[in-house]
Amino acid sequence: MPPSPCALCKVNRALILRPKDHSKLCKTCFISVFETEIHHTITTNALFHRGEKVAIGASGGKDSTVLASVLKTLNERYDYSLDLILLSIDEGIKGYRDDSLETVKRNAEQYGMHLTILGYDELYGWTMDQVVEQVGKKGNCTYCGVFRRQALDRGASRLGVKHVVTGHNADDVAETVLMNLLRGDLPRLSRTTSIVTSTPSASADPASDTNIKRSKPLKYAYEKEIVLYAHHKKLDYFSTECIYSPEAFRGSARALIKNLERVRPSAILDVVRSGEDMAKLVPGSDEGCGGACSKGVSAAEEEEGEGGCGSAQGRSTGGEMASVEAQLRQNEAAVDGHLETEITTKTINGSGKQQEACAANGKKAKKGIVPKKSSKQVMGQCKRCGYLSSQEICKACVLLEGLNKARPRNHIEVGYEVQDVSLNSVRDELDATSIRRD
Amino acid sequence: MSNDDTIPITIEFSGGLEILFSNQKKYNLPLPFKDESGEPANVAFLVRHLCDNVMEDPRKELFVLDGTVRPGILVLINEADWELEGEDKYEVQKGDHIMFVSTLHGG
């Protein structure tokens, strides 16, 4: 094939074929167009206001690295007047997060941004390595997902930041749309398509953890273009898989998205747009925000379903894919009930009957797979930690209680028994919580 | 194999793909000039060659699926998207730099 010239400048050799419109661009024009489109997303959705302090949820991976780079560029180019900082969560996984955090540290220097790293051990008294030691590799992603969710909010709160941006891209959103469609969970589909999610504060306390806005400036950016942007701008990012879910990236929803893209590249954005349109049809879809935001929905609620791990913080794709695959397997053979009971109970907020039924069947109904009753939930504060929760005790505290109860026994019982003990105690606690609500 | 029978090229893996290739990002390879059926070596042949002769990881399906590069892995031929170059039918030239970048891995 003879080299094609760039569709924009008509001079340089085209190096990029854009998935969304098949246009052929040279490196310089591509970088410029990519940045301009993010700027457009930011301005049309009014994501920021002047002088706002914004924390970038940074994992060292491609998405958050590109997000940090683009936001720095746009902040200077268009004078957003934003105070950008990096916020990283250290799950405490040796050989995984400690390496990627080194990348974040370099990014902080490269972009001249202040970096805060907050560890699970500091927040919860447990590193993920310790959690896995206790509960085993199976199901640990639930803990990680629940903990990470709160960790970003708590970190932001500690830094006096009211807005956290994450690197979710169009592929992530399309994947979530498809999965919620496959689950028949339109209320969640409605929530997860929103570019802004906001956790309405249950109290007027400005120091409260819970009043944090979340947004996804890369929501319309293709993963392919994010990777190409990182490549052509020679950004320093880290790619790895979590050692506790090495198979996660082979998930079926992700594979489906990538196969669709191969056949018809515009499919990804089309799915995102379809998701947005379907969201508008969901009754009560505007009620999730609890009145605290005009177009946003509850962040806590949105994420409640995403109990999975992520290959990056702020990204739930790995875990979600894994859970779809897991669900498919579970549908074929519902075996090995101990873990699932734990997850099932969390899944249904205040729906005791359904919970019992699931538990009785020993079915593996994974968090986020069983559709929630509706998008209407009464949000309150966790009685223990004050975090926003639809339950009296938030999920993180419930999980922690289970972990902490089992901890002393760790030394006197053999491994698999400890595992059962911890999971049973989690389940008991969840049962109790649920019954209290009923 | 003498130099006449091979094409010197540079192969690079990134975005996490290097994990499948002994954690080595860059390979300077002599690629056989002709493929199994005597046709000029193209990218499809290169991919087979990498699978059979370079990749030690048994999880071939993480690199190749249904006879072609797994969806979600970008191929850059001298920095250009392979879709601009004829994809796997592109005939490999001496000194080519061919890069495989995974978009599938997280951070």
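**Chain B and the cores**

Chain B has 1 helix and 7 strands, in the order β-β-α-β-β-β-β-β from the N terminus on. This is a predicted model, where local features need pLDDT of at least 70 and side-chain atom pairs pLDDT 80 or more, while totals for chains, interfaces and linings use all residues. Residues are numbered from 1 along each chain as written, chains are lettered from A and ligands numbered from 1 in the order written, and side-chain values use heavy atoms, without hydrogens and water.

Q: How many of chain B's residues count as buried?
A: Buried means under 20% relative accessible area (1.4 Å probe, protein chains only; exposed is over 50%, partly exposed in between). Of the 107 residues, 61% count as buried.

Q: Why is a set of residues called a nonpolar core?
A: Because its members are buried Ala, Val, Leu, Ile, Met, Phe, Trp, Tyr and Cys residues joined through side-chain atoms within 4.5 Å. The largest one here holds 50 residues, and A:Phe34, A:Phe48, A:Ile56 and A:Leu86 touch the most other members. Several elements give two or more residues to this core, including H1 (27-44) of chain A and E5 (73-77) of chain B. H1(A) supplies the largest share, 7 residues.

Q: Which residues is A:Phe34 in contact with, leaving aside neighbours within four places in sequence?
A: Contact means heavy atoms within 4.5 Å. A:Phe34 has such contacts with A:Val66, A:Val70, A:Ala221, A:Glu225, A:Ile226 and A:Tyr229.

Note on methods:
Helix = DSSP H or I, 4+ residues; strand = E, 2+ residues; numbered from the N terminus.
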